Amino acid sequence: MSQKEVYVYARWQVKEGELLTVLNMMKEVAEQSSREDGNLFYKLHQSQSDKNTLILFEGYKNSEAVEIHRNSEYFKKLVLEQIVPLLENREVILMDKIV
């Protein structure tokens with residue numbers, strides 16, 4: 001596994017009428033993620049032009065920390081089982097810092 005820091009950019013398009021439900025669940029996800037040993041930061045943003053577009057920006061110590069995050073019980077239960085079905089679209093990009 002790489003020991004370089006890993007940054008995650010996720011763009012979520014929330015289904016019409018589901019935004020408040022998703023935002024309420026994301027409070028728990030953000031709190032749990034921020035507590036993870038390998039988490040550097042966990043930030044949730046909302047588009048100014050389309051309130052149903054959410055952008056997550058996350059930082060992890062290394063790729064192992066990303067795997068631990070993705071395999072956690074709360075991630076599987078909240079994000080994969082409950083939030084993803086409320087999304088029209090979900091794009092996740094893993095990134096390396098250049099500068």
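**Loop, sheet, core and rings**

Analyst: This is a predicted model. Proline 85 lies in the loop between H3 and E4.

User: Is proline 85 buried, partly exposed or exposed?

Analyst: Buried requires under 20% relative accessible area and exposed requires over 50%. Proline 85 has 42% relative accessibility, so it counts as partly exposed.

User: Which residues does proline 85 touch, not counting residues up to four places away in sequence?

Analyst: Glutamate 67 is 18 residues from proline 85 in sequence, and their C-alpha atoms are 22 Å apart in space. With residues up to four places away in sequence not counted, the contacts of proline 85 are Lys15 and Leu80.

User: What is the order of the strands in the open sheet?

Analyst: The edge strands are E2 (39-46) and E4 (87-95), each of which pairs on one side only. E1 and E3 pair in the antiparallel sense over 8 bridges, and in that strand pair valine 8 stands opposite glutamate 58 in E3. The sheet has 4 strands with antiparallel pairing, in the order E2-E3-E1-E4.

User: What angle does the direction of H3 make with that of E4?

Analyst: H1 packs on the sheet and touches E1, E2 and E3, with its direction at about 165° to that of E2. H3 also packs on the sheet, touching E1 and E4. The direction of H3 makes an angle with that of E4 of about 135°.

User: Which residues have the most contacts inside the largest nonpolar core?

Analyst: That core has 23 residues. At least two of its residues come from each of E1, helix H1 (19-35), E3, helix H2 (63-70) and helix H3 (73-83). The residues with the most contacts inside the core are Trp12, Val22, Met26, Val29 and Ile83.

User: How are the rings of tyrosine 7 and phenylalanine 57 arranged?

Analyst: A search of the whole structure finds 3 aromatic pairs. For the rings of tyrosine 7 and phenylalanine 57, the centres are 6.2 Å apart and the planes are at 25°. The cut-offs are centres within 6.5 Å for a pair and planes under 30 degrees apart for stacking. The pair is therefore stacked.

User: How many residues apart in sequence are the parts that this pair ties together?

Analyst: Tyrosine 7 is in strand E1 (residues 6-14), while phenylalanine 57 is in strand E3 (residues 53-60). Tyrosine 7 counts as buried because its relative accessibility is 11%, and phenylalanine 57 counts as partly exposed because its value is 30%. The parts tied together by the pair are therefore separated in sequence by 50 residues.

User: Which residue has its charged end over the ring of phenylalanine 41?

Analyst: Phe41 forms one aromatic cluster with Tyr7 and Phe57. A charged end sits 5.3 Å from the centre of the phenylalanine 41 ring, and the distance cut-off for a charge over a ring is within 6 Å. The residue is lysine 43.

Terms used
Residues numbered from 1 in each chain as written. Predicted model: local features only at pLDDT ≥ 70, side-chain atom pairs only at ≥ 80, totals over all residues. Heavy atoms only, no water. Phe/Tyr/Trp six-rings, centres within 6.5 Å; stacked < 30°, edge-to-face > 60°. Buried < 20%, exposed > 50% of the residue type's maximum accessible area, 1.4 Å probe, protein only. Lys NZ or Arg CZ within 6 Å of the ring centre and 35° of its normal. Core = buried A, V, L, I, M, F, W, Y, C linked by side-chain atoms within 4.5 Å. Pairing = 2+ DSSP bridges. Contact = heavy atoms within 4.5 Å. Axes fitted to C-alpha atoms, helices over the stretch in contact; angles between N-to-C directions.
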